[in-house]
Each structure stands twice: as C-alpha cells, then as structure tokens.
Amino acid sequence: MSVPPYQRIADQIRHRIATGELQPGHRVPSARAITREWGVALATATKVLAVLQQDGVVTVVPGIGTIVANIDGALANTAASNSETTNAAASRASARRSEGELTRDKIVRKAVEIADAEGMNEVSMRRIAAELGAATMSLYRYVPSKDDLILHMIDIVMGEDNFPPERPAGWRAQLELAARLQWRLFHRHPWLAPVLSLTRPQLAPNALQHTEWILGAFDDEDLDMLTRMLIHITMFSFVRGIATAFEPEQEAQRETGLTEDEWMQTQEQAFHDFVSAGHLKRFFEFTKNVDFDFDLDKLFEFGLGRMLDGLAAFLAHGKP
C-alpha cells in the first residue's frame with residue numbers, strides 16, 4: 001500500500017530531526033514552506049504539521065511558530081516507523097474523541113494560538129480541524145463561518161485585560177489607560193489590529209467595552225456624545241494604525257530570520273548611498289546627525305502624548 005504524501009513528508013521531517021539537521025527548539029518548515037518545498041496543497045501541508053504535533057515530535061510556540069519538541073531521537077524514530085495503517089487508525093480514533101470534545105471556545109482559542117504563532121493567513125477551518133484532530137465540517141456546528149470565527153477571536157482577546165472597576169481621575173488618565181490597554185493587546189496579538197474594521201466595526205462585546213469606557217471618560221465634562229464618539233474613533237485609529245505594523249514585521253522575521261535591526265543593518269550601505277546622492281539634503285542631514293530607529297513603542301508613546309495634548313487644547317478652547 002502506497003504511503004500518502006502527508007505521511008511521506010512527515011517521515012522526511014522526522015528524519016531531519018533524528019539525524020540532528022533539526023534539533024530541539026529549531027523551527028520546522030511552516031505549512032507554506034512545505035507547499036513550496038514538496039509541491040503539495042496547503043491542506044496536505046497542514047496535515048503534515050498536525051501529524052507531527054499529535055506524535056509529540058513538534059510543538060507550537062506563540063510568536064515563534066512550530067518547533068522541534070524536546071524529545072530524544074528514539075521517540076522520533078519510533079514515530080517514523082509506525083505503519084500507515086496504525087497511523088490512520090489512531091488518527092480516526094483521535095478525530096472521534098476530539099469531535100466529541102469540541103466546543104466553540106476550544107475552536108476559537110486554537111485559532112488564536114495559530115494566528116499568534118504564524119499569522120492570520122494560516123488560520124483556516126481545515127487547519128484548526130487538523131490541529132484539533134477533528135473533521136473540518138464538524139467545526140461549522142460551533143462556528144458557522146470564517147467571519148464568525150474572527151468575531152469570536154476578537155472578542156476573546158479583547159477581554160483578556162479588563163478595565164478597572166474604579167476610573168482614574170480625569171479624562172486624560174482614562175484615555176491614556178484605554179490606549180495603553182489596547183496597545184498591549186495589539187502587541188500580544190499582532191493579527192488583531194488588521195482584522196478590526198473601522199468602517200464596519202465588529203459587534204464583539206468585549207471590544208464595545210472600549211467604546212463605553214471612552215464615552216464615559218467625559219462624564220465630568222460638558223461634552224456631547226457625538227464629539228465623544230469622534231474622540232474615541234480618532235484615538236482608536238491612532239493606536240490601531242501603528243499596531244498594524246506588528247503582523248507584517250512578525251511575518252518578515254519568520255520569512256527572513258532577521259529582526260528589524262538586523263534587516264536595517266543589511267540595508268545600511270544602500271540607504272547611505274541613496275540619501276547621500278544630494279537629492280535629499282534635509283533627510284541626509286537628519287540621518288547624519290540623529291540616532292533614529294523605527295521603534296514602534298517609541299512612536300506610540302510620542303503620538304499618544306501629542307494627541308492627548310491636542311485634545312486638552314480642544315477641550316479648553318475649541319469644543320462645541
């Protein structure tokens with residue numbers, strides 16, 4: 001009986017682990033890398049990773065991806081020597097058990113785990129089902145669509161950090177608290193900012209608590225609700241706007257293996273040659289005299305302070 005493609009690829013990755021080519025803590029090929037290297041469909045690639053994870057050969061680490069688990073070569077070799085029939089029977093038994101234990105919360109949390117580790121593009125019903133050892137169609141009984149899944153993902157992570165029961169004194173302290181809370185959530189979940197819609201806001205209860213908090217920050221001010229809402233949207237747009245850089249930066253690090261600083265170093269000579277050509281005099285002067293890096297936390301802090309200063313001036317002199 002021929003070995004199915006997913007099993008053949010899984011065996012080859014196990015061999016790399018057994019021979020030391022991939023060692024504990026090393027990243028194994030992602031689903032997309034598997035599709036490129038072996039020329040298989042994404043569904044097959046995700047099944048490869050699911051089989052390796054079920055066997056305990058690899059594990060998923062949020063923010064990093066799928067890595068070789070801390071196991072000895074004997075376990076990897078033993079897993080590789082299992083027959084197709086045994087693996088298929090075990091997979092079917094595992095799927096039956098998992099389907100009996102499925103809940104919406106379990107599905108959504110697995111989706112968040114995948115998105116945190118590998119990006120939102122890797123989240124699919126098929127991938128989640130493979131990770132949970134369940135049939136893909138069984139997930140739709142709990143989560144009817146991808147949009148519904150994203151809504152619940154937003155809700156669950158937006159509820160991780162709660163607002164305090166007692167508000168700090170003054171609107172500025174309350175807005176600053178909300179902005180920093182959102183920034184932490186965006187930092188923790190790089191996929192979150194891009195999926196939150198500004199023009200078609202998702203009705204996630206925990207996300208709406210942020211709106212409620214900002215509207216309530218001006219209860220001691222003579223400020224109408226429309227202006228309060230405009231302030232909320234402006235503040236949210238600022239925080240979310242900078243935070244949308246988190247996911248592409250995470251993806252770039254996964255693809256290149258370089259941090260932001262390391263990548264900038266590779267571009268340093270070409271950048272210097274470009275700006276020193278004489279066409280960008282002020283920019284050249286800036287790069288020559290200012291030690292600057294694209295630190296998102298610094299950009300957030302600077303922008304938040306200036307935005308709150310502007311609101312203070314508006315409330316003092318320009319409010320309707």
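Buried means under 20% relative accessible area, exposed over 50%, and partly exposed in between, with a 1.4 Å probe and protein chains only. The model is predicted: local features need pLDDT of at least 70, side-chain atom pairs count only at pLDDT 80 or more, and totals for chains, interfaces and linings use all residues. Residues are numbered from 1 along each chain as its sequence is written, and side-chain values use heavy atoms, with hydrogens and water left out.

**Exercise 1.** State how many residues of helix α7 (residues 125-132) are buried, and name them.

Solution. Helices are DSSP runs of H or I with at least four residues, numbered from the N terminus. Seven of the eight residues in α7 are buried, so the helix is mostly covered. They are Met125, Arg127, Ile128, Ala129, Ala130, Glu131 and Leu132. After α7 comes glycine 133, with a positive phi near 65°.

**Exercise 2.** Describe how helix α12 packs against helix α13.

Solution. Step one is the geometry: α12 (residues 205-216) and α13 (residues 225-243) have axes 9 Å apart, at an angle of about 125°. Axes are lines fitted to C-alpha atoms over the stretch in contact, and angles run from 0 to 180 degrees between N-to-C directions.

Step two is the contact (heavy atoms within 4.5 Å). From α12, His210, Thr211, Ile214 and Leu215 meet Met225, Arg228, Met229 and His232 of α13.

**Exercise 3.** Is threonine 211 buried or exposed?

Solution. Threonine 211 lies in α12. Its relative accessibility is 17%, so threonine 211 counts as buried. Leaving out residues up to four places away in sequence, threonine 211 touches Met229 and His232.

Methods
Helix = DSSP H or I, 4+ residues; strand = E, 2+ residues; numbered from the N terminus.
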